[in-house]
Amino acid sequence: MQRYEKLEKIGEGTYGTVFKAKDRDTQAIVALKRVRLDDDDEGVPSSALREICLLKELHHKNIVRLIDVLHSDRKLTLVFEHCDQDLKKYFDCLNGEIDPDVVKSFMFQLLRGLDFCHNKNILHRDLKPQNLLINKNGELKLADFGLARAFGIPVRCYSAEVVTLWYRPPDVLFGAKLYNTSIDMWSAGCIFAELANAGRPLLPGGDVDDQLKRIFKLLGTPTEETWPGMSSLPDYRPLPHYPVTISLSQLCPKLNAKGRDVLQRLLVCNPMQRMNAADAMNHPYFDDLPSCVRS
Amino acid sequence: MAGNFWQSAHYQQWLLDKQDLIKERQADLQVLSEEEYQKIMIFFTNFIQQLGETLKLRQQVVATATVFLKRFYARYSLKCIDPLLLAPTAVFLASKVEECGVISNNRLISTCQQVVKNKFGYAYSTEFPYRINQVLECEFYLLENMDCCLIVFQPYRPLIQYGQDLNCDSDTLQLSWTIVNDSLRTDVCLLYPPYQIALACLQLACVVHNKDCKQWFAELNTDMDNIMGVTSHLLSLYELWKNYDEKKEILALLQKMPKPNLQPSR
């Protein structure tokens with residue numbers, strides 16, 4: 001711990017406090033995530049272990065790097081590369097205006113990070129602006145893998161209620177316990193719309209019911225024809241049949257037609273029909289992406 | 001993390017060289033012979049297996065816990081931490097890593113007490129001596145020693161795939177699964193990629209059941225020397241077991257085993 005000089009508190013993570021600190025050896029700025037251990041009998045919390053496990057295996061420019069794990073007298077500290085801010089804070093400084101090229105660049109980087117995780121059979125499960133870190137060079141990195149998990153290992157079922165409500169897909173809201181990469185793609189769609197609107201959340205539901213109604217008012221209530229199997233989901237209940245009354249061009253007026261097409265393909269109620277990260281990256285919307293972002 | 005073994009920390013950091021492994025064990029091997037060392041590791045692998053069965057854990061968790069224990073002692077002497085403490089710690093950590101739910105403190109310790117008393121009375125005349133705070137402290141050392149590489153690839157999944165490809169009957173597949181379990185009593189999980197361990201176990205099972213698999217193995221694009229290496233570890237394990245009665249010998253071995261110095265050094 002002598003090696004790092006604490007500078008300031010950045011925030012509270014899933015399982016502990018996060019500090020900004022300076023590495024005395026290299027002068028690099030890092031983020032220290034202190035893991036609390038005192039209050040329960042779990043030992044090192046599962047969420048911290050999960051993050052350590054996965055980040056040990058994930059080395060990618062769009063994924064926050066775990067530099068070191070320190071351990072000193074019953075305290076565990078994870079040392080991460082430091083990013084200037086998260087996407088939520090970035091939105092707060094925008095004053096409602098965002099450059100469409102920035103939207104495209106951030107979305108592409110989000111998809112690239114996701115594609116990398118999904119290729120390694122890892123789901124993030126908790127994507128939201130607070131978990132996307134941005135640095136001064138316009139790089140975006142996925143962070144907070146506390147709820148992520150490797151899904152290659154078959155287990156009986158995944159725990160329900162893991163994604164922050166606003167970014168939660170309808171299948172999970174209906175209690176689906178077996179889900180896959182499509183869970184992250186829905187969240188990516190919500191974040192895309194939020195990016196395009198300079199930080200106005202697309203579906204800020206107050207509870208599960210409200211969240212579902214907001215989704216169905218936007219996309220139309222799905223039927224057993226458009227989404228086979230929907231009515232057999234554990235928490236399924238019939239909801240009013242909403243017709244589609246608002247178009248995405250009204251909701252995201254600044255997004256061009258190709259961008260709206262990407263959004264339309266991500267925000268699909270039936271998880272089987274949701275676009276995956278690799279296909280999204282190949283969409284014509286990204287054709288004019290600057291090569292410096294792509295490489 | 002299926003299918004990415006070649007990019008994994010397991011492959012990059014935790015496939016060891018046999019010579020290095022023997023070198024790391026030098027301190028212990030001055031006190032114990034190689035065979036005695038292996039018998040001690042077998043004993044604690046059995047202990048983990050019993051803990052797993054009593055706690056109703058999947059074999060995958062038991063195997064991961066065993067690999068954790070082996071990784072620790074691949075770097076440190078037995079006298080650094082008593083394996084009787086490290087074994088339940090490895091089970092505790094593995095159950096979290098493998099996402100099968102946390103074992104409560106009380107349940108872990110009471111299971112240790114019960115297993116030591118009912119199953120290993122021939123090795124311990126006193127009751128299980130450790131408490132949960134020691135397990136929790138030990139968890140730190142285990143994490144640190146493994147450089148937090150916690151995702152362990154196991155031979156079970158590749159074994160099932162190869163078995164299907166080879167059109168294996170269920171008896172042969174069952175036997176090869178048992179051989180994989182036995183392989184945890186050797187050093188192969190530290191030395192060879194899991195898919196090669198799976199292949200060697202499958203081959204051995206085919207030989208035992210007189211199933212002709214020569215053609216299938218001949219068409220494999222893999223390093224047959226490594227498969228032979230795994231096989232020779234397995235065969236020497238079965239050779240050792242022929243004349244070994246753990247119940248009679250283990251007490252003396254545990255007494256001889258290097259132990260932590262509990263007196264604070266001055």
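**Salt bridges, the A–B interface and a cyclin-like chain**

In this predicted model, A:Lys141 and A:Glu81 form a salt bridge, with their closest N and O atoms 3.6 Å apart. This pair links distant parts of the chain: A:Lys141 sits in strand E9 (residues 140-142) of chain A, A:Glu81 sits in strand E5 of chain A, and 60 residues separate them. A:Lys141 comes out at 6% relative accessibility, and since anything under 20% is called buried, this lysine counts as buried. As background, side chains of opposite charge can pair when their charged atoms come close. Over all chains, the count comes to 24 salt bridges.

B:Lys96 and B:Glu139 form a salt bridge whose closest N and O atoms are 2.8 Å apart. B:Lys96 belongs to helix H6 (residues 83-97) of chain B and B:Glu139 to helix H8 (residues 132-145) of chain B, so the bridge ties together parts that lie 43 residues apart in sequence. Both B:Lys96 and B:Glu139 are buried. Back in chain A, salt bridges with shared partners join A:Arg3, A:Asp23 and A:Asp25 into one network.

Now for the place where the two chains meet. Here 28 residues of chain A are in contact with 28 residues of chain B. The size of an interface is often given as the accessible area lost when the parts come together. Between chain A and chain B, the buried area is about 2600 Å², with carbon and sulfur atoms giving 58% of it. The count of salt bridges between chain A and chain B is 1. That bridge pairs B:Asp147 with A:Lys56, and the closest N and O atoms are 3.5 Å apart. Polar contacts across the interface of chain A and chain B come to 5 residue pairs, with both residues at pLDDT 80 or more.

On the side of chain A that touches chain B, the elements giving two or more residues are helix H1 (46-57), strand E4 (66-72), strand E5 (75-81) and strand E10 (149-150) of chain A. H1(A) gives the most to this side, with 8 residues. By type, the residues of chain A's touching side divide into 13 nonpolar, 6 polar and 9 charged.

Chain A also carries an annotated position: an unreviewed UniProt entry lists A:Lys33 under "binding site". A:Lys33 lies in strand E3 (residues 29-35) of chain A, and this lysine is buried, with a relative accessible area of 7%. Its side chain makes a polar contact with the side chain of A:Glu51, at 3.1 Å. A:Gln27 is found in the loop between strand E2 (17-23) and E3 of chain A. Phi of A:Gln27 is near 65°, a positive value in a residue other than glycine. A:Gln27 counts as partly exposed, at 47% relative accessibility.

B:Lys56 sits in the loop between helix H4 (34-54) and helix H5 (59-75) of chain B, and is exposed, with a relative accessible area of 73%.

As for annotation on chain B, an unreviewed UniProt entry lists residues 46-144 and 157-236 for "domain: Cyclin-like". The span 46-144 of chain B is 70% helix and 0% strand, with its end C-alpha atoms 25 Å apart. For residues 157-236 of chain B, the figures are 75% helix and 0% strand, and the end C-alpha atoms are 25 Å apart.

Helix H9 (residues 156-165) of chain B holds B:Pro158. This proline counts as buried, at 15% relative accessibility. Leaving aside neighbours within four places in sequence, B:Pro158 is in contact with B:Tyr195 and B:Ala198. B:Pro158 and B:Ala198 are 40 residues apart in sequence, while their C-alpha atoms are 6.4 Å apart in space.

Note on methods. Residues numbered from 1 in each chain as written. Chains lettered and ligands numbered in written order. Heavy atoms only, no water. UniProt positions renumbered as here; feature names shortened; annotations may be inferred. Helix = DSSP H or I, 4+ residues; strand = E, 2+ residues; numbered from the N terminus. Buried < 20%, exposed > 50% of the residue type's maximum accessible area, 1.4 Å probe, protein only. Contact = heavy atoms within 4.5 Å. Buried area = accessible area lost by both parts, 1.4 Å probe. Salt bridge = Lys/Arg side-chain N within 4 Å of Asp/Glu carboxyl O. Polar contact = N/O pair within 3.5 Å; in protein donor to acceptor, adjacent residues only side chain to side chain. Nonpolar A, V, L, I, M, F, W, Y, C, P; charged D, E, K, R; others polar.
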